[in-house]
Every structure is written in C-alpha cells, then in structure tokens.
Amino acid sequence: ADGRHLSSELLALSPAALIGAGALALAALGPASVGAQALPAGAASRLASCAACHGADGHAALPAVPHLAGQPRLFLENRLVMIREGLSVVPSMKGLLDGLSDEDLVALSRHYTAMPLKPERAPRDAARAARGAAVSQRASCGGCHLPDYRGQEQVPRLAGQREDYLVQSMRDFAAGRTGGRDTAMTNALLGLTDAELLDLAHHLATVPHSR
C-alpha cells in the first residue's frame, strides 16, 4: 500500500495535537536521548511536532512518512526551507514551520542528520530485490544517490528509507505531482512501470546499509 490514506488523518490533527503526540514520544526517550537542550529555542519548540510523525529517534512509525535519521544535512535544510516558504507543499506540515528562522531549520537538520539510521527490520525478498537492483542500474539511481544509496549534499538517502514512503514518492515523481522538487527524478523514472517502482522501492528500503 502507498499510504495515501494517511493524508486526511494527518490533516485532521491540529498543530497542538501533533505537539501533544510528539511530546509523549519524546518523554518516553527522555531529554538526554534526543538532545533537545542543544537546539535554539525556536527549533526546540517544534521538535515534538516533528516527533509526532517522524519519530523521536527520526524513524517514522506512521505509514508513508519518511525516516529523517541519517539524511544529508543540506538535503534536510533545503526541504525545510522549501516547505516553510510554501514552495513545496506538504499538507500535514502546513504552518508547523511558520516563524522559524534559518538558524532553527539548520539546527533541526543537524539534529536528525546526527541520529543513527537503524537497520530495516522488514524481510528482504531476494527476487524482488534483484529486480529492483536492475531497475536502479537502468535508472542510474547510484549516480546521484551514490552506489550505496546513502545520499549526498542535496540528494536524499534512500537506503533504509520506509518502503511505503519510497513507493508513494516515486509514484508522485513519475506522475509529475511534486511541485517545488527537482525534475531530475521525473526524468529518471520516465517509462518505468508501477511493478518496477515497487521492486525498486523494496530494493532501496531493504538494501544493507551503514551509517
């Protein structure tokens, strides 16, 4: 499933509700675990909102929501700026970044980049993964995302990302539904079937990865 049903559920939550849910997640880990004290006041005030969807440790438990742990810092910075400025629309994040400074966004990005990415616990289907690896080679995914898919600079990490999120994102890119995002991905996925996208997402989500 691509988790598209999640949008209405997240939109139904107010920022206050998201903060409350995130605060419970942060409390479970304890302040020393998340390092909130190192963040500027503005960034720290939004950390619970981030945790409500993306997890207190940067690993999302909600369907089709991306993991942020271990993502390249510059990629996260750019995404947060684009979302704050309304240049990239993420309905569930509407208003959550209002009033944050560039310094706040940089601090949030550093916070999640420093978090270790946990190994994917989902089983890896060898046949699907092999087909996905072949699709990745044809689409030259490793050219921008690096051969081990760890990402770089403004290019996101794909290794270990949630499979359902990858499926949804690639479907959106292939259909041109990603306003404010780089069109290179649309070109890279041009002509791929949905079955190929599913195999590619499985390969990327479950490929063995390191920090």
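**Salt bridges and a helix pair**

Author: Let us begin with Arg171, which is partly exposed, with a relative accessible area of 21%. Please keep in mind that this is a predicted model.

Reader: With which residue does Arg171 form a salt bridge?

Author: Its partner is Asp194, and the closest N and O atoms of the two are 2.8 Å apart. The pair links distant parts of the chain, since Arg171 belongs to helix 9 (residues 163-174) and Asp194 to helix 11 (residues 194-206), 23 residues apart.

Reader: What is the relative accessibility of Lys118, and what is the relative accessible area of Asp57?

Author: Lys118 has 46% and therefore counts as partly exposed. Asp57 has 23% and is partly exposed.

Reader: Which residues are linked in a network of salt bridges?

Author: That network links Arg128, Arg131, Glu163 and Asp199.

Reader: Now a change of topic: where is Leu76 found, and is Leu76 buried or exposed?

Author: Leu76 sits in helix 5 (residues 73-84). Leu76 counts as buried because its relative accessibility is 7%, and buried means under 20%.

Reader: Which residues does Leu76 touch, not counting residues up to four places away in sequence?

Author: Under that condition, Leu76 touches Leu68, Gln71, Ser109, Tyr112 and Thr113.

Reader: How do the axes of helix 5 and helix 6 cross?

Author: The axes of helix 5 and helix 6 (residues 102-113) come within 8 Å and cross at roughly 140°. That angle makes helix 5 oblique to helix 6. The crossing is right-handed.

Reader: Which residues in helix 5 meet helix 6?

Author: From helix 5, they are Arg73, Leu76, Glu77, Leu80, Val81 and Arg84. Among the residues they meet in helix 6 are Asp102, Leu105 and Tyr112. By class, the contact of helix 5 with helix 6 has seven nonpolar, two polar and five charged residues.

Key: Residues numbered from 1 in each chain as written. Predicted model: local features only at pLDDT ≥ 70, side-chain atom pairs only at ≥ 80, totals over all residues. Heavy atoms only, no water. Helix = DSSP H or I, 4+ residues; strand = E, 2+ residues; numbered from the N terminus. Buried < 20%, exposed > 50% of the residue type's maximum accessible area, 1.4 Å probe, protein only. Contact = heavy atoms within 4.5 Å. Axes fitted to C-alpha atoms, helices over the stretch in contact; angles between N-to-C directions. Parallel < 35°, antiparallel > 145°, perpendicular 65-115°, else oblique. Left-handed = near helix turned anticlockwise from the far one by under 90°. Nonpolar A, V, L, I, M, F, W, Y, C, P; charged D, E, K, R; others polar. Salt bridge = Lys/Arg side-chain N within 4 Å of Asp/Glu carboxyl O.
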